[in-house]
Amino acid sequence: MVLLILIGSLSLYWLRTRPVPVLWATVGSTLVYMLMGYAYGPVIFAFVIAVFTTIRLGYRVSGWSALAALYIGHIGGRFVFGLTEFGLYQTLLVGTCFVVLGFLAELFRAHRDRVNAAARTRKEEELRRAGEERLRIAQELHDVVAHHISLINVQAATALHLVDRQPEQAAPALSAIKDASKDALVELRSIVGILRQSDESAPRQPVAGLDHLDHLITRTSRAGLEVHRIVHGEPRPLPTGLDRAAFRIIQESLTNVVRHAKATSATVRIQYGEQALVLQIDDNGQSLSAPPTEGNGIGGMRERATALGGSLTANRTPSGGLRITATLPL
């Protein structure tokens with residue numbers, strides 16, 4: 001008797017690592033214990049723990065099979081070996097206890113599965129948001145670096161051209177390079193600060209919006225591109241995400257003009273509608289028969305617009321320049 005109790009109890013030590021073998025070990029020891037006519041007692045606890053844990057861990061077939069095996073072996077064995085037979089009431093009572101044990105284990109298993117599924121969902125959502133945030137910051141870095149480096153490149157070329165022939169006129173170009181590099185450092189420091197998150201008071205996202213448009217136009221004009229701004233409707237405060245996206249689309253459009261179009265002027269039209277903010281950026285670049293080639297710049301602008309539920313198109317104007325049109329719903 002003591003040996004059977006020890007077999008069932010000590011086998012529970014391996015229940016977490018080998019649940020199915022341990023389960024059947026407790027079934028065997030418990031069944032032999034009962035058929036030998038020993039008094040019912042703690043020996044059944046090892047079997048209950050093994051069945052409950054096995055089903056809760058997901059081994060449902062093994063758990064229910066063990067319940068059925070012990071029940072049938074116990075009832076049938078008493079009949080085969082001529083032991084005291086159970087009455088109908090006792091037979092049904094034992095069967096009911098086994099079924100209740102199985103269903104309790106199933107309830108705990110279902111709860112465990114729900115908790116694990118919720119944890120996986122939260123983890124996947126966190127990974128998705130982290131990925132979206134990385135893409136957003138990458139786009140911010142692209143826009144900031146591309147814009148300022150383009151302006152610095154144009155001004156550096158101008159300064160090199162003038163430094164020998166007209167050195168007195170090279171100073172404005174060098175001053176523009178200084179300002180552009182300073183602005184680039186400020187914006188990059190803001191973005192890097194978001195990644196570090198070392199200061200709780202630091203802004204969690206870049207704050208550049210349409211209120212910085214005058215500075216952007218002045219900075220771009222100093223690179224030799226004459227920029228005109230036309231506003232339709234009554235300007236009003238915009239949601240932060242939309243305001244930032246509108247500014248970045250205009251910035252990237254002007255950057256593309258400076259880098260790729262042989263243009264002397266560009267026009268920025270901003271229309272404040274009741275349902276949407278419409279941006280249109282035109283330049284007077286050279287006429288090209290082919291449609292504009294979409295690179296990272298136009299693709300990134302389109303991603304910004306679609307993320308807000310809007311749209312962005314890039315087409316040729318009748319004069320041959322490039323027209324960027326973005327519709328951002330309010």
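**Burial, charge and contacts**

Mentor: Arg56 is buried but forms no salt bridge, and Asp113, the nearest side chain of opposite charge, is 9.0 Å away. This is a predicted model, in which local features need pLDDT of at least 70, side-chain atom pairs count only at pLDDT 80 or more, and totals for chains, interfaces and linings use all residues. Residues are numbered from 1 along each chain as its sequence is written, and side-chain values use heavy atoms, with hydrogens and water left out.

Trainee: Why is Arg56 said to have no salt bridge?

Mentor: A salt bridge requires a side-chain nitrogen of Lys or Arg within 4 Å of a carboxyl oxygen of Asp or Glu.

Trainee: What does Arg56 touch?

Mentor: Not counting residues up to four places away in sequence, Arg56 is in contact (heavy atoms within 4.5 Å) with Arg16, Ala105, Phe108, Arg109 and Arg112. Arg56 itself lies in helix H3, residues 43-56.

Trainee: Why is Thr54 called buried?

Mentor: Buried means under 20% relative accessible area, exposed over 50%, and partly exposed in between (1.4 Å probe, protein chains only). Thr54, also placed in helix H3, has 0% relative accessibility and therefore counts as buried.

Trainee: What makes Gln271 partly exposed?

Mentor: Gln271, in strand E2 (residues 265-272), has 40% relative accessibility, which lies between the two cut-offs, so Gln271 counts as partly exposed. Leaving aside neighbours within four places in sequence, Gln271 contacts His232, Ala276, Leu277 and Val278.

Conventions: Helices (H or I, at least four residues) and strands (E, at least two) are DSSP runs, numbered from the N terminus. Lys and Arg count as positive and Asp and Glu as negative; His and the chain ends are not counted.
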